[in-house]
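This briefing covers how the two chains of the structure below meet.

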There are 2 protein chains.
Amino acid sequence: MKRTEIKELYAGMEELGGKTVTVCGWARTIRDSKALGFIDLNDGSCFKGVQIVFEADKLPNYKDIAKLNVGSAIVVTGELLLTPEAKQPFEIHASEIIVEGTSTPDYPLQKKRHTMEYLRTIAHLRPRTNTFSAAFRVRSAAAYAIHKFFNENGFVYAHTPLITGSDCEGAGEMFTVTTLDPENLPRTEDGAVDYSQDFFQKHTSLTVSGQLEAECMAMAFGKVYTFGPTFRAEKSYTQRHAAEFWMIEPEIAFADLQDDMQLAEDMMKFVIRYVMDTCPQDIAFFNQFVDKGLVDRLNNVVNSDFARVTYTEAVELLKKNNENFEYKVDWGTDLQTEHEKYLTEQVFGKPVFVTDYPKEIKAFYMRLNDDGKTVAAVDLLVPGIGEIIGGSQREERLEILQQRMKDFQLEEENYWWYLDLRKYGGTKHAGFGLGFERLVMYLTGIANIRDVLPFPRTTGTAEF
Amino acid sequence: MKRTEIKELYAGMEELGGKTVTVCGWARTIRDSKALGFIDLNDGSCFKGVQIVFEADKLPNYKDIAKLNVGSAIVVTGELLLTPEAKQPFEIHASEIIVEGTSTPDYPLQKKRHTMEYLRTIAHLRPRTNTFSAAFRVRSAAAYAIHKFFNENGFVYAHTPLITGSDCEGAGEMFTVTTLDPENLPRTEDGAVDYSQDFFQKHTSLTVSGQLEAECMAMAFGKVYTFGPTFRAEKSYTQRHAAEFWMIEPEIAFADLQDDMQLAEDMMKFVIRYVMDTCPQDIAFFNQFVDKGLVDRLNNVVNSDFARVTYTEAVELLKKNNENFEYKVDWGTDLQTEHEKYLTEQVFGKPVFVTDYPKEIKAFYMRLNDDGKTVAAVDLLVPGIGEIIGGSQREERLEILQQRMKDFQLEEENYWWYLDLRKYGGTKHAGFGLGFERLVMYLTGIANIRDVLPFPRTTGTAEF
């Protein structure tokens, strides 16, 4: 049996017309009369399925097929007929249908609308629905686009560790990773838990960022990126936060904040273009049924020169609209989503980089500007969701970095290797972090992070 | 400044001869006399560096440059001169050298040989050495090759979760993931630790495999793969085991063990070819200094038709050599590395798939063969290391799977969703797991897993 995927049927239908093909997939719907039946067959290779026509005259097992429940897996061999006048461009007239796996009448994905909440409870089956099939194909395409972009631009892909003995930013709640038996915890002489007897002989956690290790790699390869899972143990029930998510963190040496922004802009445009080119059926579905402005918004990003504005300038722009904000803006306050969306949607009408934030509201490793008040940080804001990327130029000057660590009450001895990078051939360098789920939400219009992760882990939930 | 990477110099040296270029990198060695100096500059973009020639006559800061310590970061602008008679095909005659970051005389990577053990203690700097620079470039290229192979073959990349409430194989020690305070553990009425108050409201661990979730995805997309971190909490001090490592797990629907083996063979050949084509300098280095048989062995894999033999046949072959084995082979015993290497190196002289192992020594989800004694498992053995891939056809028959779970004392209620896949349109399906570090070791000849992971996590060690 030479299997052909439905995606290939769409790509090659002109040549395949009149030919015999074999397709494998799952029945989305089955309709039949006494002599003639129709199956909407989907195999996940692309958004669209193919209509299978089967006839009592031609199939010895016609009755068995007609009785199949929705969700059954079948292998169909038949002639592909072009149907230029019908809704679908072609159909397959079956000469043989083999039942690979039956389904039962209680199959949860009957042909009706289900709520997203319900579908989350059957995460093992929901990839067989239109929405999730499209979402995870787009997710896959976007992931490949990320790798392709960085590979073509000479970046080394760096696998930074997930289990860590330190907390990257000195902030953010973390998950403990341990093999100690909680019923029988070893104790030190003074009664504390003795982590020297734990697997790694010390207390370890799941990382919140691979940045510091990526900086080590950038000081050898010049251009590197990470793309891997990241964790936050913050109790949150919002639509935007998961406890386990994927993040992309490029890091570039001999580069400043301007180079960092150029990289972020090039990457965003490349990924969006790639997904629109590669998954047109999926994007069209999302544009029609999930988010009517999706395609316009994505095209706007691809075709814009991203704006650049300093935090100080942004605050002046926002203050003019303070009366309409829930949180009033003033220099020194962090920007909220309402401010970010106002800037990118109302003021600029396109993506905008906001740079040079007050040092008090940003991380210790961001480079102190000459004004002594701001750091070379950057957030990329995009219409529709606000912040999608956060980055900075890193502090490469040893003494200033040490002072900043003191200000943040970080122990130098935990960061000896990070400080070493400034002693031995340190360079100007910069990088950013892109939350991959936020990108997929942006590419699909899906509003809840639980619906772009195949098996989401959120506060209180780790099913499947 | 338009920066050119050294890799681009090698690729375009014919056109660049006589032109002015700017390169950025780190000084590996610096030699100077009164009027003339030489720097071996490396930027990590490829294995080779470029020789910088600098002259007192031309550089106002000649003395500063001559005094630089090894490891300093510099930006060099100068004329590229082809030197067809010299050891290196070109050099750069500097018209300007800017010091980006100095180094100090205690820079640990002076021009001398260091032991691998010592270099592990400076994992933040070792990517600047020949061996590790090459190892992590090969690692990056191999990762890209994996993604490229599956993408070009229509696979969906599935991100399966790392935090899990269940243990995939009912075996293997796992790390606990928790936010409970060990000094103040909540207790249930009967005094046990109350995991309902933990972050996920139950006990959770780090996954040992994404296979079961990948099977869910395969039942929607037909062909999927995972590529992500995986964990083992087994105390092990061998050269081959890390607590955190990366794994690739493809899963294919409407497919049997034969399809699975074909996929594994195609993937291995593709990845090896890609890395040999993309990193020729690196592979040449490993072949010369790390493992003299490397290139021959890789070529042998690429050019072989992999052999296929059943476990039962393999045991017969091995028994003839039992006198030379530490562990004697008999039907029913698991194969040790000595047996695996003997088979692939001595008996077949090329990669060999061993199939159909006794059901007692394999996992519960592997498909029971008609003989009732063996399962449709497969290991791929390769010359040099033995087992590199383990896979199987999965048990798609509900009743048999339920019986197998009973045999393995697994609770059905923990796998309700996995069993659902057999109720609703289940198909023949198969997959395998490839340990990515083992692949990188195979591609480089590096013997210790600690040296192919940028920041290894092993028993007792989670530095950086």
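In this predicted model, Thr176(A) has Thr178(B) in β8(B) as its bridge partner. Thr178(A), in turn, stands opposite Thr176(B) in β8(B). The points below place these pairs in the sheet and in the interface of chain A and chain B.

**Shared sheet**
- Strand β8 (residues 176-178) of chain A pairs with strand β8 (residues 176-178) of chain B through three bridges, in the antiparallel sense.
- The open sheet has six strands, ordered β7(A)-β9(A)-β8(A)-β8(B)-β9(B)-β7(B), with antiparallel pairing.

**Symmetry**
- Chain B superposes on chain A by a rotation of 180 degrees with 0.0 Å of shift along the axis, at an RMSD of 0.0 Å.
- This is the relation of a two-fold axis.
- Val177(B) has the C-alpha nearest the axis in chain B, at 2.5 Å.
- Both copies use the same surface, as 100% of the contact residues of chain B recur in chain A.

**Interface**
- Contact involves 110 residues of chain B and 111 residues of chain A.
- About 8,800 Å² is buried between the chains, with carbon and sulfur atoms giving 62%.
- In chain B, the residues that lose the most area to chain A are His159(B), Phe254(B) and Tyr424(B), together 10% of what that side buries.

**Polar and charged pairs**
- Eight salt bridges are counted between chain B and chain A.
- Lys428(A) forms a salt bridge with Glu100(B), with the closest N and O atoms 3.6 Å apart.
- Helix α5 (residues 130-152) of chain B gives the most to the side touching chain A, with eleven residues.
- That side of chain B comprises 54 nonpolar, 33 polar and 23 charged residues.

How values were computed: Residues are numbered from 1 along each chain as its sequence is written. Chains are lettered from A and ligands numbered from 1 in the order in which they are written. This is a predicted model: local features need pLDDT of at least 70, side-chain atom pairs count only at pLDDT 80 or more; totals for chains, interfaces and linings use all residues. Side-chain values use heavy atoms; hydrogens and water are left out. Two strands pair if DSSP finds at least two bridges between them. Helices (H or I, at least four residues) and strands (E, at least two) are DSSP runs, numbered from the N terminus. Copies are superposed by least squares on the C-alpha atoms of residues with pLDDT of at least 70 in both. Contact means heavy atoms within 4.5 Å. Buried area is the accessible area (1.4 Å probe) that two parts lose on being put together, summed over both. A salt bridge is a side-chain nitrogen of Lys or Arg within 4 Å of a carboxyl oxygen of Asp or Glu. Ala, Val, Leu, Ile, Met, Phe, Trp, Tyr, Cys and Pro count as nonpolar, Asp, Glu, Lys and Arg as charged, and the others, Gly among them, as polar.
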